[in-house]
Amino acid sequence: MPGQRSKSEKNKGENELRRDPYEVLGVSGSSTDQQIKTAYRKLALKYHPDKNANDPKAADMFKEITYSYHILSDPDKRKQYDSAGFEAIEAESQDLELDLSSLGAMSTMVAAFFSKLGVPIKTLVSATVLEEAINGTVPTLPLALGKPVSRKVEKQCAHFYSVRITQKEAQVGIVCRVQSAEKSKFKLLYFDRDQNGGLNLALQEDSAKKGKVTTAGMYFLGFPVYKLDPQSSIMAKKDPDTAFFKKLEGFQPCEITELKAGIHTFAVYGDNFFKSASYTIEILSTASFVKEKENLRAVEAHISTKRTEISKFETEYRQVLAQFADMTSKYTQEMQTIDELLKRRNEIQASYTTTPQINASRSKKRVVLRDGTKKWYNIHVKLDKRKP
């Protein structure tokens with residue numbers, strides 16, 4: 001009977017069977033985040049379960065594509081893979097990224113199951129919604145600048161909005177913001193329009209809880225605006241030092257910093273498996289926010305500089321921390337040595353100043369009296385333990 005393989009041996013065998021994520025997505029090691037994202041979206045749409053029902057090969061390919069993108073889309077995991085392959089990321093916690101919309105009525109049950117287990121799920125936009133957008137068959141509602149619209153979108157469905165931007169408005173910049181007073185879960189999407197009139201997903205922002213609402217926003221101001229990866233807050237609970245140095249790595253710049261004059265399309269996607277999402281969407285011109293815009297530009301530039309500085313500081317900090325650990329260990333050893341020497345010194349001095357102990361023992365001795373009688377008497381004898 002063959003012996004059982006260890007967990008490390010099993011992982012090694014599985015890693016050897018896995019294909020290189022770059023090969024899976026058809027990109028190179030020098031590809032940018034945008035190129036990786038574009039390649040992933042095309043492949044994910046091609047092999048999506050919605051379009052390949054009862055095709056196990058397509059399902060396996062979709063899983064492989066999703067897993068590869070999960071590695072290469074995360075800067076930290078990508079570095080780990082580039083340096084040591086799959087084993088470098090094996091021990092890291094992997095967030096589950098699923099498109100449960102393909103499960104139909106079962107999606108609610110599956111989502112409830114994972115939610116009960118406390119497993120974080122990064123959901124994907126339904127392939128049906130993306131395909132309808134690419135085919136240009138989605139209804140689009142015109143949206144005017146500065147005029148909010150409140151609606152309710154069904155789960156795994158999307159409301160599309162088009163906004164016309166003038167040359168002047170494009171130069172000063174715009175902001176698209178969505179919020180839900182009911183704390184609904186949603187995604188804010190931005191689509192590029194191709195020559196055939198189809199819409200391709202270009203940007204995606206998941207809603208996040210802020211106070212009493214959930215909100216998401218996109219900024220097109222002509223300069224890089226960063227967004228924070230929520231993984232940094234999770235990491236902080238495990239290792240505060242690492243979380244500090246990786247925090248600014250979690251700030252990823254928006255891939256599109258400005259929009260040209262013309263018609264642009266946004267969408268709100270109902271990212272909830274249990275109920276519809278209530279929301280309010282509004283697109284604002286930043287013409288009246290000149291001071292705020294300049295302050296934000298200065299802060300974002302400072303963040304970019306600080307990311308480089310923190311990377312250098314981490315190396316110095318780790319070196320000093322290692323030196324401190326060595327010095328602390330030496331301090332403890334020296335303290336123990338000194339305490340032991342002082343203890344021995346006190347014991348030696350005590351041997352000169354302490355009075356020797358004298359033990360008394362009893363013995364019986366027979367005495368002959370004058371009248372000839374004999375008696376036994378107890379005699380105390382003092383014994384000195386000191387050597388002659």
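This is a predicted model: local features need pLDDT of at least 70, side-chain atom pairs count only at pLDDT 80 or more; totals for chains, interfaces and linings use all residues.

Trainee: What is the bridge partner of arginine 177 in β10?

Mentor: Glycine 217. Strands of a sheet pair through backbone hydrogen bonds, either parallel or antiparallel. Here β6, residues 174-180, runs antiparallel to β10, residues 213-220, with 7 bridges between them. Within that pairing, cysteine 176 faces methionine 218 of β10. The pairing of β6 with β14 is also antiparallel, over 6 bridges.

Trainee: In what order do the strands of this sheet lie?

Mentor: Read β4-β14-β6-β10-β9. These 5 strands make an open sheet with antiparallel pairing. At the edges are β4 (149-153) and β9 (208-210), each of which pairs on one side only. On average, neighbouring strands in the sheet are turned by 35° against each other, direction ignored.

Trainee: Why is β6 described as largely enclosed by the rest of the structure?

Mentor: Count its buried residues. Buried means under 20% relative accessible area. In β6, 5 of the 7 residues are buried, so the rest of the structure largely encloses this strand.

Trainee: How many residues of β13 are buried?

Mentor: 7 of its 9, which leaves β13 mostly covered. β5 and β13 run antiparallel, joined by 8 bridges. Tyrosine 161 has phenylalanine 266 as its bridge partner in β13. β7 and β13 are also antiparallel, with 6 bridges. There, phenylalanine 191 stands opposite threonine 265 of β13.

Trainee: Serine 162 sits in strand β5. Is serine 162 buried or exposed?

Mentor: Buried: its relative accessibility is 17%, and the cut-off is under 20%. Its contacts beyond four places in sequence are Thr140, Leu141, Pro142, Leu143, Ile263, His264 and Thr265.

Trainee: Now the cores. Which residues have the most contacts inside the largest nonpolar core?

Mentor: General idea to begin with. In soluble globular proteins, nonpolar side chains tend to be buried together. In this model the largest nonpolar core has 26 residues, and Tyr190, Phe220, Leu259, Phe266 and Ile281 have the most contacts inside it. At least two residues come from each of β5, β6, β7, β8, β10, β13 and β14 (277-285). β14 gives the largest share, 4 residues. Another core, of 18 residues, lies apart from it; among its members are Tyr22, Leu43, Phe86 and Leu124.

Trainee: What is phenylalanine 266 in contact with?

Mentor: Set aside neighbours within four places in sequence. The contacts of phenylalanine 266 then include Phe160, Tyr161, Cys176, Tyr190, Met218, Phe220, Leu259 and Ile283.

Trainee: Last, a helix. Which residues of α8 are buried?

Mentor: In α8, residues 127-134, they are Ala127, Val129, Leu130 and Ala133. Viewed down the α8 axis, these buried residues fall within an arc of 160°, so they line one face of the helix. They pack against α3 (33-46), β5 (158-165), β7 (186-193), β8 (199-206) and β13 (262-270).

Trainee: What is found at the start of α8, and what follows α8?

Mentor: At the start, a side-chain oxygen of serine 126 comes to within 3.2 Å of the backbone nitrogen of threonine 128. Glycine 136 follows α8, with a positive phi near 70°.

Definitions and conventions
Residues are numbered from 1 along each chain as its sequence is written. Side-chain values use heavy atoms; hydrogens and water are left out. Two strands pair if DSSP finds at least two bridges between them. Axes are lines fitted to C-alpha atoms, for helices over the stretch in contact, and angles run from 0 to 180 degrees between N-to-C directions. Buried means under 20% relative accessible area, exposed over 50%, partly exposed in between (1.4 Å probe, protein chains only). The arc is that of the directions from the helix axis to the C-beta atoms. Contact means heavy atoms within 4.5 Å. A polar contact is a pair of N or O atoms within 3.5 Å; within protein, one must be able to donate a hydrogen and the other to accept it, and residues adjacent in sequence count only if both atoms are side-chain atoms. A nonpolar core is a set of buried Ala, Val, Leu, Ile, Met, Phe, Trp, Tyr and Cys residues joined through side-chain atoms within 4.5 Å.
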